[in-house]
Amino acid sequence: MPRLPVALAAALTIAAGLGVRLLWDGPVPKYAGDALYTVLIYALIVLIRPGIRPWAAALVAAAVSWAIEFAQLTEIPSVLRPVLGSTFNPPDLFWYAAGAGAAFAAHALWLRRPPAHP
């Protein structure tokens, strides 16, 4: 997969996460942020491995997100808490899976699109 669209998707994911936090309060930005966090991890995986299959990228992104969430059951250094969080929250696991599923669907659709004509 070409890196430019993936980099743009990563930038849009960050913008969406910041926008959600700016526009809403309560659980909406929290759980949307969880899903978008995994979408960003997915995009970074595809940037590193452009030929990765969507299902593999989704599994790795979900696994990384889940590993970070479960790491919150231990003591995370204070300098990493703004990025990795500090409190384990079981519903986050669902939203990470939802983010991985959404990224998988978008990636699979992108790969199935008809080739561009010059």
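This is a predicted model: local features need pLDDT of at least 70, side-chain atom pairs count only at pLDDT 80 or more; totals for chains, interfaces and linings use all residues.
Residues are numbered from 1 along each chain as its sequence is written, and side-chain values use heavy atoms, with hydrogens and water left out.

**Exercise 1. Describe how helix 2 and helix 3 pack, and name the residues that meet.**

Solution. Two packed helices are described by the angle between their axes and the distance between the axes. Helices are DSSP runs of H or I with at least four residues, numbered from the N terminus, and axes are lines fitted to C-alpha atoms over the stretch in contact, with angles running from 0 to 180 degrees between N-to-C directions.

Step 1. Helix 2 and helix 3 pack at about 130°, and their axes are 9 Å apart. The two helices are therefore oblique to each other, given that angles under 35 degrees count as roughly parallel, over 145 as roughly antiparallel, 65 to 115 as roughly perpendicular and the rest as oblique.

Step 2. Contact means heavy atoms within 4.5 Å. On the helix 2 side the residues are Tyr 37, Thr 38, Ile 41, Tyr 42, Ile 45 and Val 46, and they meet residues of helix 3 including Pro 54, Ala 58, Ala 62, Ser 65 and Ile 68.

Step 3. By class, the contact of helix 2 with helix 3 has 13 nonpolar residues, 2 polar and no charged, where Ala, Val, Leu, Ile, Met, Phe, Trp, Tyr, Cys and Pro count as nonpolar, Asp, Glu, Lys and Arg as charged, and the others, Gly among them, as polar.

**Exercise 2. Determine how helix 5 is oriented against helix 3 and against helix 2.**

Solution. Step 1. Helix 3 (residues 54-71) packs with helix 5 (residues 91-112) at an angle of about 160°, the axes being 9 Å apart. That angle makes helix 3 roughly antiparallel to helix 5, and helix 3 passes helix 5 in a right-handed crossing.

Step 1. Among the residues making this contact are Trp 55, Trp 66 and Phe 70 of helix 3, together with Leu 93, Phe 104, His 107 and Leu 111 of helix 5. The contact of helix 3 with helix 5 divides into 13 nonpolar, 2 polar and 2 charged residues.

Step 2. Helix 2 (residues 27-48) packs with helix 5 at about 45°, with axes 7 Å apart, which makes helix 2 oblique to helix 5. The crossing of helix 2 over helix 5 is right-handed.

Step 3. The residues that meet include Lys 30, Asp 34, Tyr 42 and Val 46 in helix 2, and Asp 92, Trp 95, Gly 99 and His 107 in helix 5. By class, the contact of helix 2 with helix 5 has 12 nonpolar, 3 polar and 3 charged residues.

**Exercise 3. Which residues form the salt bridges of the structure, and which of them are joined into one network?**

Solution. Step 1. A salt bridge is a side-chain nitrogen of Lys or Arg within 4 Å of a carboxyl oxygen of Asp or Glu, and the structure holds 3 of them.

Step 1. Asp 34 forms one with Lys 30, the closest N and O atoms being 3.2 Å apart; both residues lie in helix 2, 4 residues apart, about one turn of the helix. Asp 34 is buried, with a relative accessible area of 9%, whereas Lys 30 is partly exposed at 26%.

Step 2. Asp 92 also bridges to Lys 30, with the closest N and O atoms 2.8 Å apart. This pair links distant parts of the chain, since Asp 92 is in helix 5 and Lys 30 in helix 2, 62 residues apart. At 3% relative accessibility, Asp 92 counts as buried.

Step 3. Glu 75 pairs with Arg 81, the closest N and O atoms being 2.2 Å apart. Glu 75 is exposed at 65% relative accessibility, and Arg 81 is partly exposed at 30%. Shared partners join Lys 30, Asp 34 and Asp 92 into one network of salt bridges.

Key. A crossing is left-handed if the near helix is turned anticlockwise from the far one by less than a right angle, and right-handed if clockwise. Buried means under 20% relative accessible area, exposed over 50%, partly exposed in between (1.4 Å probe, protein chains only).
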